[in-house]
Amino acid sequence: MTFAIQFVIDVLSLGGAYALMALGLVIVYGILRLVNFAYGELIMVAGYTMFLFSGSGLPWLVMAAVAVIMAVLAGIATDYVAFRPVRAKSVTAVLITSFAFSTLLQNAALLFISPRPQTVPLPALFSQTVTIGGAITPLRNLITIAAAVILLALFALLMRRTVLGIAMRAAATNFTMARMLGVPANLIISSAFAISGFLAGVVGLLWIGRIGTVVPGIGLEPLLVAFIATVIGGMRSLSGAVIGGFLLALIDTTLNYTLSQDLLKFRDAFTFSLVILILLWRPEGLVKGPATGQRT
Amino acid sequence: MLEVVDLEVRYGAIRALRGISLTVKKGELVALIGANGAGKSSAMMCIAGALKAAGGSVRLVGEDITSGKPESIVRRGIATVPETRDVFPDLTVDENLTLGGYTRRGDAAGLAEDRAKMFALFPRLAERCGQPAGTLSGGEQQMLVIARAMMSRPKMLLLDEPSLGLAPVIVDQIFAMIAQLKAAGTTILLVEQNVAKALSVADRVYVMRLGRIAASGTAAEISAATDLSALYLGAEP
Ligand SMILES: Nc1ncnc2c1ncn2[C@@H]1O[C@H](COP(=O)(O)OP(=O)(O)OP(=O)(O)O)[C@@H](O)[C@H]1O
Ligand SMILES: [Mg+2]
């Protein structure tokens with residue numbers, strides 16, 4: 001029983017973080033059909049903002065809010081710097097500019113801060129543990145689960161209940177038609193990048209909370225996780241990305257629990273093999289995207 | 001209301017529109033007819049801002065709107081119903097209508113009033129309002145896109161082949177609704193393959209052939225023209 005509780009908490013907290021990462025990537029992909037390779041750097045920006053404010057004496061929550069705002073701004077900047085100038089011209093160009101922007105941000109961190117891990121301030125809460133039904137778990141995991149539940153609910157509300165959310169869903173299936181109804185293209189794209197940055201910022205705080213430090217390459221793993229979860233989920237659908245995130249977390253956690261010490265080093269190889277099996281079984285991903293071609 | 005002068009559209013080397021000129025006056029219903037590939041849809045999408053003009057100009061109530069962004073053209077009062085219909089299939093009927101009113105999103109009372117008006121005009125939509133639009137039949141989708149376009153209270157409505165692929169009974173219903181919109185004072189530019197239907201509701205008609213206007217006149221004149229089929233089918237006069 002204790003074991004089961006431990007397992008469920010681990011899956012849900014890792015899955016919550018993965019789901020938020022995937023959602024941040026797919027919100028932009030759904031609208032532009034382009035992967036933002038600089039997505040991981042939004043997490044890096046949040047991390048370094050925390051580091052730079054570490055001596056400021058501000059309350060942690062204020063620093064965290066600033067970090068999230070910086071990630072949002074970096075998201076919007078990605079649109080202006082890497083996407084907007086070349087978006088209309090060529091898909092390949094955007095892939096390259098987003099790669100370039102990612103490298104640029106990483107190198108800026110190397111150059112102006114340091115290649116070595118920098119300590120990020122964490123609230124005392126993050127390091128406390130709690131006991132639930134005999135299972136001992138870091139409070140951080142429960143905070144991650146709560147944050148994921150709240151953000152996913154807010155996100156669903158935004159997408160279903162607000163005109164902006166409805167317009168973003170419409171733009172994801174048929175951008176030109178949405179524009180012909182008066183929905184401004186730039187507003188929709190900037191909003192997608194801002195939401196992406198917001199999710200990356202929050203995820204960044206939770207993700208960095210696990211290790212306590214930030215390095216220039218911190219964004220690579222979240223980008224990879226987000227990408228795989230999105231592919232499993234079907235690339236086009238928001239709910240698919242969330243499901244993909246939780247499924248990937250289930251796979252990772254199961255492997256963590258079952259593989260022997262020697263094999264654990266190769267966990268990612270096992271994970272990817274399973275992902276390949278899933279994709280062989282369902283090449284389109286688990287959830288079909290918005291059905292653009294359906295009866296239109 | 002709408003003045004198009006020497007409008008040209010190219011797709012790479014293909015010249016789809018080779019300089020067409022037409023006007024639509026306030027309250028008028030003007031039909032644009034012509035064989036497949038004549039360039040009717042290209043003309044409409046260019047007016048709507050979804051295609052860049054390679055030459056010529058489009059004016060709406062005297063203002064130049066040539067090659068404007070689609071979102072600013074609808075804000076200026078031209079609502080477009082493309083040939084491909086383009087309901088948002090995953091959004092409900094209601095959400096589709098909400099987006100139709102995007103340009104007036106501050107005006108909750110006006111939007112509620114217009115929604116009620118559209119449901120009165122298209123009762124079928126009221127029954128289906130919570131359903132994803134992709135599950136509607138072709139005729140219902142056509143009703144939805146017309147209603148959606150009207151939610152912006154356009155000065156002018158562009159309709160591209162509303163009868164396309166619909167059963168004759170449904171075509172009759174759609175045309176009855178177009179006649180009602182016209183009676184309510186809406187200015188309409190209608191592209192149609194169904195010439196008889198188009199002539200029955202239109203005030204004036206332009207006949208297009210190979211990217212040019214081949215003939216124009218009142219609906220009565222065009223109906224009476226003996227060479228209509230020649231113009232329409234593209235034989236040399
Ligand atoms: N995206 C495109 N790329 C290249 N050529 C195109 C494109 N769209 C249209 N054309 C060409 O432009 C010409 C005009 O097409 P358009 O769709 O405007 O005709 P139409 O009068 O609406 O025809 P229909 O009655 O079949 O709808 C055609 O010769 C067509 O092949
Ligand atoms: Mg056409």
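A:T144 lies in helix α6 (residues 139-161) of chain A, helices being DSSP runs of H or I of at least four residues and strands runs of E of at least two, numbered from the N terminus. The model is predicted: local features need pLDDT of at least 70, side-chain atom pairs count only at pLDDT 80 or more, and totals for chains, interfaces and linings use all residues. Residues are numbered from 1 along each chain as its sequence is written, chains are lettered from A and ligands numbered from 1 in the order in which they are written, and side-chain values use heavy atoms, with hydrogens and water left out.

With a relative accessible area of 3%, A:T144 is buried; buried denotes under 20% relative accessible area, exposed over 50%, and partly exposed the range in between (1.4 Å probe, protein chains only). Residues up to four places away in sequence being excluded, A:T144 touches A:S13, A:A17 and A:L206, where contact means heavy atoms within 4.5 Å.

Chain B contains 10 helices and 10 strands. Its C-alpha atoms fill a box of roughly 50 × 35 × 30 Å along the principal axes. Of the 237 residues in chain B, 54% are buried. Among contacts in chain B between residues at least 6 apart in sequence, 67% join residues at least 24 apart.

The domain assignment divides chain B into domain 1 (1-77 + 157-237) and domain 2 (87-153), with bounds taken from an automatic or database domain assignment. The centres of the two domains, taken over C-alpha atoms, are separated by 24 Å. Contacts between them involve 14 residues of domain 1 and 11 residues of domain 2.

The largest nonpolar core comprises 122 residues, of which B:L2, B:I47, B:L99 and B:L189 touch the most other members. Such a core is a set of buried Ala, Val, Leu, Ile, Met, Phe, Trp, Tyr and Cys residues joined through side-chain atoms within 4.5 Å. Helix α1 (residues 2-32) of chain A provides the largest share of this core, 14 residues, and each of domain 1 and domain 2 of chain B contributes at least three residues. A second, separate core of 45 residues includes B:I33, B:V81, B:V93 and B:I222. Beyond four places in sequence, the contacts of B:I47 include B:L2, B:V58, B:I73, B:L158 and B:L189.

B:P70, in helix α2 (residues 70-75) of chain B, is buried, with a relative accessible area of 7%. Neighbours within four places in sequence aside, B:P70 is in contact with A:R179 and A:M180 of chain A, and with B:A48 and B:G49 of chain B. B:P70 and B:A50 are 20 residues apart in sequence and 5.7 Å apart in space, C-alpha to C-alpha.

B:E83 is partly exposed, with a relative accessible area of 29%.
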